[in-house]
Amino acid sequence: MSTPRLAEMLQANRAFQANIDVQRLPKRAPETMAVITCMDPRINLEALGIAGFGADGSGNSDVRIIRTIGGRADVRSLVIGTFLAGINEYVVLMHKDCGCCLAHSKLDVIRQNMEARLAPDQRERLGRFSDTEFAEWLQTFADPYEAVKTEVEMIKSFPFMPTDIVVHGLVYDVGTGAVEVVVEG
Ligand SMILES: [Zn+2]
C-alpha cells in the first residue's frame, strides 16, 4: 500500500540519485567496532565522532550501528557482527529521556492499546502473557545508568561471546549532547 510518506521517500530517492556520485558511495570496509544504541532520532552519533554521510553520498564512518528501542543488544547482530563482521569492541550507548523508560511506566497503556487494535486471535495470544512476562518480553527499564550496566554484563555473559570481547557502557544526554562513561570495558 502506498502512502504519502512512502511517496515522499521515493521522490527523495530520485533527487538523491540525481545528486550523488555513485563512485563515492561507501564500500564494504573492515571495522572492529559497533555501537548499540536506541532508535530515538535525537541520538546524534556525531557526538561520538561518528560522522554522517556527505551530500555527494560519501560515507565518513565504517562503525557498525545497531539501533533498537532502548539500545538493548540484539542477539542476531551480536553473532553475525562478532563472527562474520569481525567486531571485537562494542559500545552500548543508552540515553536519558528514553522511550524505553517511558514504556516502563506505561506497560499497562501499551497492553491496552494492543488489546484495542489487535484481531481477536492476536488478543487471545496476548492474554496468555502475565504482566511480569509482558514486562520481561519488552525489556523496558527505569534507569539508563542501571540498564547500561546490565546490558554490558548481558553481552559479556552471552554464551556464544568470546571471553576477550570489549564492551563499554555509555549514557548520552539528549538535552546537552554530553556522553558519560558508566562502564569502561
Ligand atoms: Zn531511547
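Tyr172 stands opposite Val179 in strand E5. This is a predicted model, in which local features need pLDDT of at least 70, side-chain atom pairs count only at pLDDT 80 or more, and totals for chains, interfaces and linings use all residues. Residues are numbered from 1 along each chain as its sequence is written.

E5 covers residues 179–183 and pairs with E4 in the antiparallel sense over four bridges; strands pair if DSSP finds at least two bridges between them. Strands (E, at least two residues) and helices (H or I, at least four) are DSSP runs, numbered from the N terminus. Six residues lie between E4 and E5 in their hairpin, and Gly177 in the turn has a positive phi of about 85 degrees. Strand E3 (residues 89–95) runs parallel to E4, joined to E4 by seven bridges. Tyr172 in E4 is the bridge partner of His95.

E4, residues 166–172, is mostly covered, with five of its seven residues buried. A residue is buried if 20 or more other C-beta atoms, placed from the backbone, lie within 10 Å of its own, exposed if 12 or fewer, and partly exposed in between.

Helix H6 (residues 131–138) is hardly covered: among its eight residues, the count of buried ones is zero. Gln139 follows H6 and has a positive phi, near 50 degrees.

## Domains

The protein chain is assigned domain 1 (24–96 + 145–185) and domain 2 (106–141). These bounds come from an automatic or database domain assignment. Taken over C-alpha atoms, the centres of domain 1 and domain 2 are 29 Å apart.
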